[in-house]
Amino acid sequence: MNFELNDLVWSYDSGTPFEKIGLNCQSFCINAGNLVGLLGATGSGKSTFVKLIAGLLDNKIRIRANGISLRPVDVSYIFQQPEHQLFEDTVGRELEFALKNFDISEDLWPSLISNSLRNCDLDDSFLDRHPLELSGGQRRRVAIASVLVYKPKILILDEPLAGIDPGCSMKLINTMRSYVNSETLVLWVSHDHEALLEWADKAILFEDQSIKFMGSVSESIARCNVADPLLRNFLKGRLQTSTIVNGPEVIEELRGKNNAC
């Protein structure tokens with residue numbers, strides 16, 4: 001399945017003396033079945049991009065699949081620290097909220113909720129617990145489960161690994177990877193370039209409110225002016241001798257060098 005992303009132009013305070021371009025990109029297509037990293041400096045346009053295509057700026061979904069416009073239920077945006085948005089008094093009610101909101105048949109709720117919890121490395125024993133009783137990593141996974149429960153086609157996560165320990169980070173990465181299939185696309189906004197190199201399939205690099213490059217994660221990082229210079233230069237050197245760079249192998253190699261030091 002191909003997703004078409006259109007009308008990728010946005011200005012803040014349009015028509016006023018304070019008007020500022022937030023995004024100015026050409027329309028493009030991207031294949032389902034990918035975990036795509038979005039990288040670039042703060043203010044480069046990536047946050048405007050994901051909010052725009054998710055309909056958060058003007059309630060307009062800018063994505064089509066096989067020529068058909070996606071609906072709000074098809075596109076989910078998960079904010080940084082989504083656990084701060086939990087408001088129900090049990091985990092079960094938290095997951096039921098979106099199902100009610102999108103008028104999904106109650107007969108489907110038990111299986112959808114169980115599957116969503118399982119995809120986030122949780123189980124039904126959490127259903128009656130209050131979110132405030134959970135650890136920070138568990139609350140974040142509950143917040144993500146509350147989105148996955150209605151099975152969006154596009155899942156967008158903004159810095160999902162920020163502020164959590166390595167064990168929880170790995171569980172969230174597994175959640176993102178396991179959600180990728182032939183009908184879905186996961187967009188991962190991150191400044192953690194090593195994590196993107198190790199786990200993302202492709203990348204989009206933003207600069208000056210537009211897309212500078214789309215393609216391999218290694219080449220995106222090599223072109224990114226805010227990437228760690230050591231990683232960036234290492235990848236530049238590797239790309240001079242090979243057009244294909246295996247991200248996980250590069251990370252293992254770099255870790256081995258660091259441990260040797």
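Reply: Let's start with handedness: a crossing is right-handed if the near helix is turned clockwise from the far one by less than a right angle, and left-handed if anticlockwise. Helices here are DSSP runs (H or I, at least four residues), numbered from the N terminus. What you're looking at is a predicted model, where local features need pLDDT of at least 70, side-chain atom pairs count only at pLDDT 80 or more, and totals for chains, interfaces and linings use all residues. Residues are numbered from 1 along each chain as its sequence is written, and side-chain values use heavy atoms, with hydrogens and water left out.

The part I'd pick is helix α2, residues 91–101. One of its partners is α3 (residues 109–119), and their axes sit 11 Å apart at an angle of about 120 degrees. An axis is a line fitted to C-alpha atoms over the stretch in contact, and angles run from 0 to 180 degrees between N-to-C directions. Under 35 degrees counts as roughly parallel, over 145 as roughly antiparallel, 65 to 115 as roughly perpendicular, and the rest as oblique. So α2 and α3 are oblique to each other. Their crossing is right-handed.

Who touches whom? Contact means heavy atoms within 4.5 Å. From α2 come Val 91, Leu 95, Glu 96, Leu 99 and Lys 100, and they meet Trp 109, Leu 112, Ile 113, Ser 116 and Leu 117 of α3. That contact has seven nonpolar residues, one polar and two charged. (Ala, Val, Leu, Ile, Met, Phe, Trp, Tyr, Cys and Pro count as nonpolar, Asp, Glu, Lys and Arg as charged, and the others, Gly among them, as polar.)

Now follow α2 to α4: these axes come within 8 Å and cross at roughly 30 degrees, which makes α2 roughly parallel to α4. This crossing is right-handed too. Here Val 91, Glu 94, Leu 95 and Ala 98 of α2 meet Val 142, Ala 145 and Ser 146 of α4. By class, that's five nonpolar, one polar and one charged. Notice Val 91 and Leu 95: they turn up in the contact with α3 and again in the one with α4.

Note on methods: Helix = DSSP H or I, 4+ residues; strand = E, 2+ residues; numbered from the N terminus.
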